[in-house]
Amino acid sequence: MRTLIYTAFVSLDGVVDSPGGGLPSETHRSGGWTYKDLEFLPEAYEIKGRETEEATALMFGRSSYEAFAPLWPNMEDFAALKDLPKYVVSTTLGQDALVDNWGDTTILRSLEDVAKLKETDGGPIVIHGSATLARNLSDAGLIDRYHLLVFPVLLGAGKRMFSDTDKAKQMLKVVESETYANGITKFVYDVVR
């Protein structure tokens, strides 16, 4: 069984919207909030390098795929991810919208397709961005682990990491945590089943 990991930069009030702020699709008024007001400390982002080393595939929702696919294949920072298999969860994305320079890409049409993928052999699948997908996967009990970098900022409005769906309690086990001098706190949680 494969492990599904959601990784996110998140504000203290749960917003994951537009952390980089460099894409036309990132229209949040505070876009770029992860880089604008905090001292950059490489050690706070160490987990991102580990994710890259451990990932055997990537998963995106349609919007995040459409935002990242034109850029990431040509960025040196993401070179290690270029040839990894990609999965895009979308009911509307057509095959003609897939880029051809970013490894094999498979469109999954439902959460049931994601559940079937998890049953296959292989290593971790890492989800970047994709707030709507993350909420739906969480509500369906399909996420196995969270890698969160929590920033000391309150953003108010924006896409949230978790839905407000009335669902059964879900316990998490802290696997790793650390607070850095710039105020970022890393939390790695396993979902308790």
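**Close-up views of the predicted model**

View 1. Eight strands form an open sheet with mixed pairing, in the order 4-3-2-5-1-6-8-7. Strand 4 (105–108) and strand 7 (172–179) each have a single partner strand, so one side of each is left without a neighbour in the sheet. From one strand to the next, the twist averages 20 degrees. The structure shown here and in the views below is a predicted model.

View 2. Strand 3 (residues 86–89) and strand 4 run parallel and are joined by 4 bridges. Within this pairing, K86 stands opposite T105 in strand 4. Helix 4 (residues 131–139) packs on the sheet, where it touches strand 1 (4–11), strand 2 (57–61), strand 3, strand 5 (125–128) and strand 6 (145–151). The direction of helix 4 makes about 100 degrees with that of strand 2.

**View 3. The buried side of helix 1.** I47, K48 and E51 are buried in helix 1 (residues 46–54). These residues cover an arc of only 105 degrees around the axis, which puts them on the same side of helix 1. Their cover includes strand 1, strand 5, strand 6 and strand 8 (185–191).

View 4. The side chains of R62 and E66 meet in a salt bridge, with an N to O distance of 2.9 Å. The two residues are 4 residues apart in helix 2 (residues 62–68), and therefore separated by about one helical turn. E66 is partly exposed at 39% relative accessibility, and R62 is partly exposed at 32%.

View 5. D139 and K167 form a salt bridge through their side chains (3.0 Å, N to O). Because D139 lies in helix 4 and K167 in the loop between strand 6 and strand 7, the pair ties together parts that are 28 residues apart in sequence. D139 is partly exposed, at 28% relative accessibility; K167 is also partly exposed, with a relative accessible area of 35%.

**View 6. A salt bridge between R193 and D144.** The closest N and O atoms of R193 and D144 are 2.8 Å apart in this salt bridge. R193 belongs to the segment after strand 8 and D144 to the loop between helix 4 and strand 6, so that distant parts of the chain, 49 residues apart, are linked. R193 is exposed, with a relative accessible area of 59%, whereas D144 is buried at 13%.

**View 7. A salt-bridge network.** E46, R50, E176, E178 and K186 are linked in a network of salt bridges. The whole structure contains 11 salt bridges.

Technical notes:
Residues are numbered from 1 along each chain as its sequence is written. This is a predicted model: local features need pLDDT of at least 70, side-chain atom pairs count only at pLDDT 80 or more; totals for chains, interfaces and linings use all residues. Side-chain values use heavy atoms; hydrogens and water are left out. Two strands pair if DSSP finds at least two bridges between them. Axes are lines fitted to C-alpha atoms, for helices over the stretch in contact, and angles run from 0 to 180 degrees between N-to-C directions. Contact means heavy atoms within 4.5 Å. Buried means under 20% relative accessible area, exposed over 50%, partly exposed in between (1.4 Å probe, protein chains only). The arc is that of the directions from the helix axis to the C-beta atoms. A salt bridge is a side-chain nitrogen of Lys or Arg within 4 Å of a carboxyl oxygen of Asp or Glu.
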